[in-house]
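Student: Could we go through the aromatic contacts in this protein, setting each value against the rule that gives it its name?

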Amino acid sequence: MTKWVYSFGDGKAEGEAAMRNLLGGKGANLAEMSNLGLPVPPGFTITTEVCTYYYQHGETYPAELKDAVKEALDKVGTLTGRRFGDAEKPLLVSVRSGARASMPGMMDTVLNLGLNDATVEALAKDADDQRFAYDSYRRFITMYSNVVLGVEHHAFEEALEHYKEQKGLTLDTDLKADDWKHLIGVYKKIVRDEHGSEFPQGAEDQLWGAIGAVFDSWMIPRAKKYRELNQIPESWGTAVNVQAMVFGNMGDTSATGVAFTRNPSTGESALYGEFLINAQGEDVVAGIRTPQDITEKARIEAKSDKPSMEKAMPESFAELTRIYGILEKHYRDMQDMEFTIERGKLWMLQTRNGKRTAKAALRIAVELAAEGLITKEEAIKRIEPGALDQLLHPTIDPDAERKVIATGLPASPGAAVGEIVFNSEAAEIAKKAERRCILVRIETSPEDIHGMHAAEGILTTRGGMTSHAAVVARGMGKPCVSGVGSIRIDYNAETLTVGGVTLKAGDVITIDGSTGQVIQGEVKMLQPELSGDFAALMEWADAVRTMKVRTNADTPADARAARKFGAEGIGLCRTEHMFFEGDRIVAVREMILADDTEGRRAALAKILPYQRQDFVELFTIMSGLPVTIRLLDPPLHEFLPHTDDEIQEVMSATGISEDKIRNRIRELSEHNPMLGFRGCRLAIAFPEIAEMQARAIFEAAVQAAKDTGAPVTSEVMVPLVFTRMEFDIVKARIDAMAEAVSAETGEKLDYQVGTMIELPRAALKAGEIAETAEFFSFGTNDLTQTALGISRDDASTFLGPYTQKGILSVDPFVSIDQEGVGELVKIGAERGRATRPGLKLGICGEHGGDPASIAFCQEVGLDYVSCSPFRVPIARLAAAQAALDKDA
């Protein structure tokens, strides 16, 4: 028969820490503390399986549950010398939720359950304190009515504040027993008026009402949102913990508090926390009274005049210090503890691994390893790779006030503040004038590169997590908020409107790319700091990982940032981004508008010196590390002018007529450019483009090798092939250019020619393509688009419902679709290496910086991942964790 209830208390328990899936985190840790002999009020846990049953059976309970709960309650009564519902020696209990993953504040709690008009008198007599008893009763009515009966909390608060005003009282602690008695009558009337029935007096009715409310709270909006944000499955369910009450509000020898075994903000190894004398748990977090510091050191630092627990309750402080040492050594991690002191006796109500900042997590992991509590390998696995973003970008001061006017997608982490600009030209003007700006666009295109580079951050009203704005911003290490559909932009008026607020060009906003918030005005920032702990952990990670980590870099600034973060080469240099800078765009447009090969070659000759110098800089910065350069990929129409003003500029710069320019724009326009005239198709139709780029690469390699004395390894990558023949045609041109440069310079070139596998057919025909291709790089951005038939720029309109309904577990442009796109990667890797053993394999889509995708790459056997510069440390750590998991 299924066991639905597990008891704990008196130095023993039916459960243990390893049973957190069944008992939830709170229940498992209460059982573990009991088994350790620590002072834990007795109680029992109703398992997560009951929650699953509850929702699968129309919100009903298993038939055996009622008897199991009664039996467990009787055990608690025996241990405490009390009986549930008894009018003489009543047992009062707390009812709390407890999922297997910590969800602080997301679900409901009820304290002081079992109080009614009769048992409150018994409590007053037993405690010899009427004020305490009636204070506890009013707290119970408030909490129970809100959590179980659905009466709004503010109704009771308003009644309390009104009464205090009438009586000329300021603090809740100023109220006497008779005051609470009067207010209890008022509270009961509120319940009667709002709920339509009397406040329940039966202890058993109260208990089952509270148990049901906890299970119901698993599905309330805030809990569902928290699960969505933290990827906690709905199927896990919550447990319910019923525990004998201990009271922190029984006078000056009683207290309640929360403590951490280390500082959760900095990681410092010192007891950290707050407590309140003569209070219950909710008082600490409610803000009605100012909590006191636990240690004297913290009190002095805070300049508080209220006594610390160390001074006010030295015996309880000594006991808490003893217990925290036991718990941290036992769990081998920083603990977040809740405690209550009842008339000088310390009771532990909870322990769990504490939430912490990335900075604290690094310090704690490194110091625990240094103390010998965990191994270096365990320290590596303790850090969530994505949390490193906090260390690499400016963030908003958590204490700063935020006037949030809109929320979009957190497309690129970090925070930025600046004046609004609505076009790239304005961004450049602001940059030259040393004014910080935020580029605000409906959506960005490759033509906005210079504006994005000039801006502190980017805000778009369209696009998803892998839109152009998001991808480029992450590559530049700039904050970006995308897909803010509630904002309306009027380019002509140069205004931004949302929710009745209208901002104009020049007004200041702050964007938080880690949360997606758009904030009116300037908000205080915290600058990133890379500590010695970061360097130590990265060194440990590099020692265990087997995959290399390269970077996607198009500019010298990108490359330098990536080297600083430990990149081992460039896995993707997108040459098209170089074409938009300065005078180059004029020559590029001349080339596109040329009537014949001779005209195109003349224009390309103007671009060649720019391209060569670009590559010299990248080869020099990478100094002997491999550099993969992708030939021109986007359709040519992206480089042509779009507005009348831009057409006039081209006419002035080139002398080409307006009719000819407009005709060429019409000729090159496409209904579906993503699947159009781009990639290797450009090199096949206009081989002179590939030849110019290949010459620039090889001449740069020769020059950089001479300048640095370090050998240059260049990898030329042909994009968007789906047949070996396409690849061979382009490779022949590249090889011919290598021979020419080698003959001209007398230098031997070290280079490889490979391809991006970004079309399903290319993955399927990888065996044939590998006969001549010397490396593969999986371009999973386009492979995802072509495999799923989804445009990444338009996907944000429907991916939300898809993930909410469970059709997709996660946005496939953020984390690779392992069953579909991943299967194509596996096929491509296996067939490619079957033809060419040892074929070098990498991934260069946005997935190269996603920890889950990196774990998949490790499983498939890729040689390297490539990601944006600011995600290089994340990829290094994720690759180390993936290697450790594979060896486990």
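Predicted model: local features only at pLDDT ≥ 70, side-chain atom pairs only at ≥ 80, totals over all residues.

**Aromatic rings and their surroundings**

Student: How do you know which class Y61 belongs to?

Tutor: Y61 is at 25% relative accessibility, so Y61 counts as partly exposed.

Student: What makes Y61 and W208 an aromatic pair, and which kind of pair is it?

Tutor: A search of the whole structure finds 17 aromatic pairs. Rings of Phe, Tyr and Trp (its six-membered ring) pair if their centres lie within 6.5 Å, and planes under 30 degrees apart count as stacked, over 60 as edge-to-face and the rest as tilted. For Y61 and W208 the centres are 5.3 Å apart and the planes make 55 degrees, and the pair is tilted. The pair links distant parts of the chain, 147 residues apart, with Y61 in the loop between α2 (48-56) and α3 (65-80) and W208 in helix α8 (residues 203-217); helices here are DSSP runs (H or I, at least four residues), numbered from the N terminus.

Student: Why is the pair of Y144 and F199 given its name?

Tutor: The ring centres of Y144 and F199 are 5.6 Å apart and the planes stand at 75 degrees, so this pair is edge-to-face. Y144 belongs to helix α5 (residues 130-147) and F199 to the loop between α7 (177-195) and α8, 55 residues apart. Y144, at 2% relative accessibility, counts as buried, and F199 is buried as well, with a relative accessible area of 4%.

Student: Which residues do ring pairs link into a cluster with Y61 and W208?

Tutor: Ring pairs join Y54, Y55 and F215 to Y61 and W208 in a cluster.

Student: How do you know that the charged end of K3 sits over the ring of Y6?

Tutor: A charge sits over a ring if NZ of Lys or CZ of Arg is within 6 Å of the ring centre and within 35 degrees of the ring normal. The charged end of K3 is 5.0 Å from the centre of the Y6 ring and sits over that ring, and R550 lies over the face of Y864, at 4.0 Å from the ring centre.

How values were computed. Residues numbered from 1 in each chain as written. Heavy atoms only, no water. Helix = DSSP H or I, 4+ residues; strand = E, 2+ residues; numbered from the N terminus. Buried < 20%, exposed > 50% of the residue type's maximum accessible area, 1.4 Å probe, protein only.
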